[in-house]
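Here are my notes on this complex, for your review. They follow the order in which I would check the file.

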Amino acid sequence: MSTTMWIILGGALVTYLTRIGGYLVLSRFQRIHPRVEAGLDAVPAAVLTTLVAPAATTGGPIEWIALAVAIAVAWRGSLVAMFLAGAAVLIVLRNLPL
Amino acid sequence: MTAADRTQDRPGRLADFVDGMRRSIPVVLPSLPFGLLFGTVGVQNGLSVAEATWMSVIVFAGASQLVGIELFGQKIAPWLIVLSIFAVNFRHILYSAALGRQMKRWSCLQRVVGFFFLTDAQYADGERKALEGPLTFPWYMGYALFLYANWVGGTVVGAAFGNLIPDSHALGLDFLLVIYFLCMVMGFRKRPLWLPVVGASAVSSTVAYYLIGSPWHVSVGAVVGVALAALLTPGRRAAR
């Protein structure tokens, strides 16, 4: 096996470690502290926001309109409707001869 | 479990698996070009087709794979490359701690297998699924394997043929995942402290994005949001 293959294997092992590590640490505790519990409940919103906010700042008006439409739809409709509305606005505006 | 339960369970498991696959489609489609891109860039940076494929098969983490490829090209010590991959993937520790709470009914082997596939989207949709009902292993694997097959397949095609990426800008592919993740953020709006967490993570990740750079902004923003939620919560409950 080449050196590259070995480095990739090392990368795979540490990646797996991060994917099972949080569970292994947490499962050692019988009772979870309420603050830890609250922190874990906040993980999805916190992480997902980091995937949206900086990317939104790199976009232009078309991307901002698409995101705004998606948020507006979210208050009334389902998440699927929200995604489809945002995606439709994005694709249509990008293909208009502006 | 009685024999009758077991026979009833089988179609239920298949239905769960198919439902998981179905739920991954909004993520599978926009991530296909990234698989192609990874394969193409990998070969351009001196990896063989086998090495690029090997990486997608055993690492299965897009951002860290691109960082790894970037470093292979420069003369950097192997342990430093492994450390960089670890740092980029560090956020998964939060995912496994949080989502592990939904796997209480899984067997040990199911967890060992399941955690291998714990990507960003897998985590987010797994939490969404847990809001609706139990997160079952077949549902989780239906989602995971469809995404995995797509990622590995995209890598092979990208590495072997290269430059097959369509006009992803006109198709909006570069921004569809952002919209998708925004939908997921909105989906969690009933959770306690949602607005302060989203606000803190949005500001801190954007600042980190410009000061430190990608992909570190993810860890920074996540830690700030999680720490805020922990701080705003009373340390002791009235009844224990």
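1. Confidence, chain B. This is a predicted model, and chain B averages a pLDDT of 86. In chain B, 91% of the residues score at least 70. By element, helix α6 (residues 108-116) of chain B has the highest mean, 97. Helix α1 (residues 3-44) of chain B has the lowest, 81.

2. Over residues 1-8 of chain B the pLDDT is below 50. This stretch has one contact in the model beyond near neighbours in sequence. Where pLDDT is low, predicted coordinates should not be read in detail.

3. Confidence, complex. The predictor assigns the complex an ipTM of 0.85. The pTM is 0.77.

4. Chain A. The chain has five helices and zero strands. Its pattern along the sequence is α-α-α-α-α. The radius of gyration of chain A is 21 Å, well over the 13 Å that the globule rule gives for 98 residues, so chain A is more spread out than a compact globule. The C-alpha trace of chain A spans about 55 × 45 × 25 Å along its principal axes. Of its 98 residues, 44% count as buried.

5. The interface. On chain B, 73 residues are in contact with 60 residues of chain A. Helix α9 (residues 173-187) of chain B supplies the largest share of the chain B side, twelve residues. By class, that side has 50 nonpolar, 17 polar and six charged residues.

6. The core. The largest nonpolar core has 105 residues. Which residues have the most contacts inside it? They are Ala70(A), Ile179(B) and Phe181(B). Again α9(B) gives the most, with twelve residues. Both domain 1 (3-173) and domain 2 (189-240) of chain B contribute at least three residues each. As background, nonpolar side chains tend to be buried together in soluble globular proteins.

7. Domains of chain B. The chain is divided into domain 1 (3-173) and domain 2 (189-240). Their centres, taken over C-alpha atoms, are separated by 24 Å. The contact takes five residues from domain 1 of chain B and five residues from domain 2 of chain B. On the domain 1 side there are four nonpolar, no polar and one charged residues.

8. Helix α2 and Phe60(B). In helix α2 (residues 49-58) of chain B, the buried residues include Glu51(B), Trp54(B) and Met55(B). Phe60(B) follows α2(B), in the loop between α2 and α3 (62-72) of chain B. Its phi is positive, about 55 degrees, although Phe60(B) is not a glycine. Why does Phe60(B) count as buried? Because Phe60(B) has 24 C-beta neighbours inside 10 Å, and the cut-off is 20 or more.

9. Leu193(B). Phi of Leu193(B) is near 65 degrees, a positive value in a residue other than glycine. Leu193(B) lies in the loop between α9 and α10 (194-211) of chain B. Is Leu193(B) buried or exposed? Leu193(B) is buried, because 20 other C-beta atoms lie within 10 Å.

Notes: Residues are numbered from 1 along each chain as its sequence is written. Chains are lettered from A and ligands numbered from 1 in the order in which they are written. This is a predicted model: local features need pLDDT of at least 70, side-chain atom pairs count only at pLDDT 80 or more; totals for chains, interfaces and linings use all residues. Two residues are in contact if their C-beta atoms, placed from the backbone, lie within 7 Å. Helices (H or I, at least four residues) and strands (E, at least two) are DSSP runs, numbered from the N terminus. Ala, Val, Leu, Ile, Met, Phe, Trp, Tyr, Cys and Pro count as nonpolar, Asp, Glu, Lys and Arg as charged, and the others, Gly among them, as polar. A nonpolar core is a set of buried Ala, Val, Leu, Ile, Met, Phe, Trp, Tyr and Cys residues joined through C-beta atoms within 7 Å. A residue is buried if 20 or more other C-beta atoms lie within 10 Å of its own, exposed if 12 or fewer, and partly exposed in between; C-beta atoms are placed from the backbone. Domain bounds come from an automatic or database domain assignment. pLDDT is the predictor's confidence in each residue, from 0 to 100. The radius of gyration is taken over C-alpha atoms; the globule rule is 2.2 Å times the number of residues to the power 0.38.
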